[in-house]
Amino acid sequence: ILIDEPEPRKEKVAIVGAGLVGCLAALSFARLGYKVTLYEYRDDPRNETTVDRNLRSINLAVSDRGIRALNAVDLEMSIRVLKNILPMRGRMIHDVDGHQTSMKYGLHNEAINSIDRAYLNIELLNELDRHKNIKVNYGLKLMKMDFSGKNGNPRIYFEKTKKVANTLEENAIRTFEYNFVIGADGAYSATRFQLQKFVRMDFSQEYMDCCYIELYIPPGASKKYKFQLHPNRLHIWPRNKFMLIALPNFDGSFTSTFFGPWDLTESLDTREKVIDFFQTNFKDAVDLIGLEQVVEAFLTHPKCSLVCTSCFPYNYKGKCIIVGDAAHSMVPFYGQGMNCGFEDVRVLVELVKKHEYELESAFNEYSVTRQQDLDAIITLARNNYTEMSHNVNTTRYAVRKKMDAAMHLIFGDKWLPLYTMVSFRGDIRYSDCIKRSKVQGWLLSQLELGVYGLGAWLAFKAIRAVVRDR
Ligand code: FAD
């Protein structure tokens, strides 16, 4: 079915990168009436074999901000794209002895939702095909961009990446001119790199001393109950400096990820060391994954790095803007990278409408207002590693969580736990989440002091009574 297009606009936009955020940007700008062309350096993933896809499988948690952004484009599209999500209503903490403790995310059964990244990307690409004013060109890699076109329009230069044997076309540079360009080409964005030649852009990049390796928990043997673990939980095996997590898949399997410091991970370089490490730290997970499978995965799967990048500003006049990981890649511990990228697109589209399609004003306002929110979520994501791998194991954390939840119960919307604001309340800006949580954190500390003070006073009275009777 082709979608009814809005009143067409004469401007043409090029979007670089047909990942999750590039696809959503294409759908959103097509809805505004622009003629959209997407450029992607890889082949169409729908042509790849399932085996290839599985090797790159990452499970994402889609939460309120991501869903809001999809809904803002088209509610029916959003329902189609998200039809295979699995709700995770809390964390399940696995201790070393295999005991499991469930911690709900919210008081009202709120959930974040597990979905396979490659699957979601394909669903979004299928949506692009429904639009007459979206064209996708695969196998073209952005190499260069300048603003030498008519009226300072961007000219973009692509190299053909698809190897066609014995043709002169191979590696030929192709040049196109557009009214504006949206860069959604991921953490190592070529668009951002090109933009830096024209904009005095601040840019920073930091690698976290942590790598990750994908593992796989297969579906259970029972036909009746296919999940080997609780399907509606995000499973965590927190071990302070390292951890294992697992997110459910629709077929009953779980995508599991090991996160740990580079030196530790690289030191586990023999079968015996891997077995010893996993049997000591993740015995119950080994029983589910299979010992041989753990060894095979740990020794042969890629060890991937985690990078945080931030930059400012995100645009050059009304001619080019970067969104998603191209503008802000973050570590995955708040499950917000894609959600935030989707929110970028929603916020940008709202500003384009607000400025009545005057792009320079819209893009400038985007840069100025969005920066504090992006900085906020990058910080929150980094800090959440300690929360997931260590704090969840401590009694103090459990007590504070309960106090936080109690305050929310008493004061309703006036007191929202940080996780609730970030993951379930996309109407609250990331920067406001931090501001509100700092105040609440301080108040909780006062309350804690009060409770401890009261406890100490009662204890003192009890001791005095006992001592007096002696
Ligand atoms: P990408 O997905 O990187 O897409 C960029 C696209 O641009 C790619 O298709 C690439 O081929 C193409 N491209 C690159 N260079 C060029 C070029 N020169 N020319 C043409 N095309 C180009 N986020 C969440 O919201 N929730 C989660 O739970 C979550 N978990 C994660 C877990 C892990 C282990 C990791 C690594 C990330 C996780 N994320 C999560 C983050 C999320 O995956 C990213 O934020 C998201 O994929 C970014 O989308 P993007 O479209 O901006 O970039």
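Here is a quick tour of this predicted model, from its overall build down to a single residue.

## The overall build

Let's start with the whole chain. The protein has 15 helices and 19 strands. Its radius of gyration is 25 Å, close to the 23 Å that the globule rule gives for 470 residues, so the protein is as compact as a globular protein of that length. Taken along the principal axes, the C-alpha atoms fill a box of roughly 95 × 50 × 40 Å.

Take the contacts with a separation of 6 or more: 69% of them link residues 24 or more positions apart.

## Three domains

The protein is divided into three parts. Domain 1 is pieced together from 12–86, 113–204 and 310–384, while domain 2 covers 206–305 and domain 3 covers 394–469. Between the centres of domain 2 and domain 3 there are 33 Å, taken over C-alpha atoms.

## Around the ligand

There are 33 residues around the ligand, and the ones that come nearest are Gly 17, Gly 19, Gly 186, Gly 324 and Gly 337. Sorted by class, the shell has 16 nonpolar, 11 polar and six charged residues.

Which elements each supply at least two residues of that shell? They are the helices α1 (20–31) and α11 (337–354), plus the strands β2 (35–40), β3 (59–62) and β9 (140–146). Helix α11 gives the most, with four residues.

## The nonpolar core

In soluble globular proteins, nonpolar side chains tend to be buried together. Here, the largest nonpolar core has 108 residues. Those with the most contacts inside this core are Ile 15, Leu 24, Ala 25, Ala 26 and Val 323.

Ala 26 makes a handy example. Not counting residues up to four places away in sequence, Ala 26 touches Ile 15, Val 36, Leu 38, Leu 128 and Ile 134.

## A closer look at Ile 322

Ile 322 sits in strand β19, which runs over residues 320–322. Is Ile 322 buried or exposed? A residue needs 20 or more C-beta neighbours within 10 Å to count as buried, and Ile 322 counts as buried because it has 28 inside 10 Å.

Leaving aside neighbours within four places in sequence, Ile 322 is in contact with Gly 183, Ser 189, Thr 191, Arg 192, Leu 195, Tyr 314 and Ala 327. Pro 238, on the other hand, is 84 residues from Ile 322 in sequence and 35 Å from it in space, C-alpha to C-alpha.

Technical notes: Residues numbered from 1 in each chain as written. Predicted model: local features only at pLDDT ≥ 70, side-chain atom pairs only at ≥ 80, totals over all residues. Near = placed C-beta within 6 Å. Nonpolar A, V, L, I, M, F, W, Y, C, P; charged D, E, K, R; others polar. Core = buried A, V, L, I, M, F, W, Y, C linked by C-beta atoms within 7 Å. Buried ≥ 20, exposed ≤ 12 C-beta atoms within 10 Å, placed from the backbone. Contact = placed C-beta atoms within 7 Å. Domains from an automatic or database assignment. Rg over C-alpha atoms; globule rule 2.2 N^0.38 Å.
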